[in-house]
Amino acid sequence: MIKILLVRHGQDEDNADGILNGHRDMNLTKLGREQALIVAEKLKDDDIEIILSSPLKRAQETANIIADKLDITKIQVEELLKERDFGILTGKLFTDIPKLAKKILPIDNVNYFIEVEGAEDFPALYKRAQSFLEKVTQAYQNKVVVVVTHGDIGKIIRAAYHNWTWEEGLKTPRFENTGILHLKEKEDVVE
């Protein structure tokens, strides 16, 4: 059976400035690079065989730091791990969500926007998460895989893994920068 360790990328420039990034391709901050080193230290005893990464810079930079620290040579970029497209909210401040979103789901001090012009909706994101899990499960059976991704898609991958609805996935605790989520059949482990 595959062992999946979801890791959210380190803090990037948009995170530090309170900006919604979605598909914006920003670099990690100094803090984000330090966070990636800390997460690598936490993963050192997990016998990781491969790292899969979103194609966005913040995730790839996090993946590269982890790989360098753990002497892992295989990093594969996976398009299905890209963050949700935030539509017209891309590049806007977090405080703009209530002004520009037609529908919001507030959870854990986060306003998840449900209806926004041009944004990828959560049912589509859920299907993408299911496709990712099917692909990775077939390709990496009996391996330990680190998956470096983003907040929204990370929560939805977790939901799809457990056959929860996307709404149930959003109601789980916040997926912080460089948070580690060990997906397990009975009960996930969150670091």
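Two residues are taken to be in contact when they have heavy atoms within 4.5 Å. By this criterion, among contacts in the protein between residues at least 6 apart in sequence, 73% join residues at least 24 apart. The structure is a predicted model, in which local features need pLDDT of at least 70 and side-chain atom pairs count only at pLDDT 80 or more, whereas totals for chains, interfaces and linings use all residues. Residues are numbered from 1 along each chain as its sequence is written, and side-chain values use heavy atoms, with hydrogens and water left out.

The protein contains 7 helices and 8 strands, assigned as DSSP runs (helices H or I, at least four residues; strands E, at least two) and numbered from the N terminus. Its C-alpha trace spans about 45 × 35 × 25 Å along the principal axes. Buried residues (under 20% relative accessible area, 1.4 Å probe, protein chains only) account for 51% of the 191 residues.

Helix α2, comprising the 14 residues 30-43, reaches 20 Å from its first C-alpha to its last, close to the 20 Å expected at 1.5 Å a residue, the expected span being 1.5 Å times one less than the number of residues. Within α2, the buried residues are G32, Q35, A36, V39, A40 and L43. Viewed down the axis of α2, these buried residues fall within an arc of 145 degrees, so they line one face of the helix, the arc being that of the directions from the helix axis to the C-beta atoms. The cover over the buried residues of α2 includes β1 (3-8), α3 (57-70), β6 (144-149) and β7 (180-183).

Methods. Buried < 20%, exposed > 50% of the residue type's maximum accessible area, 1.4 Å probe, protein only.
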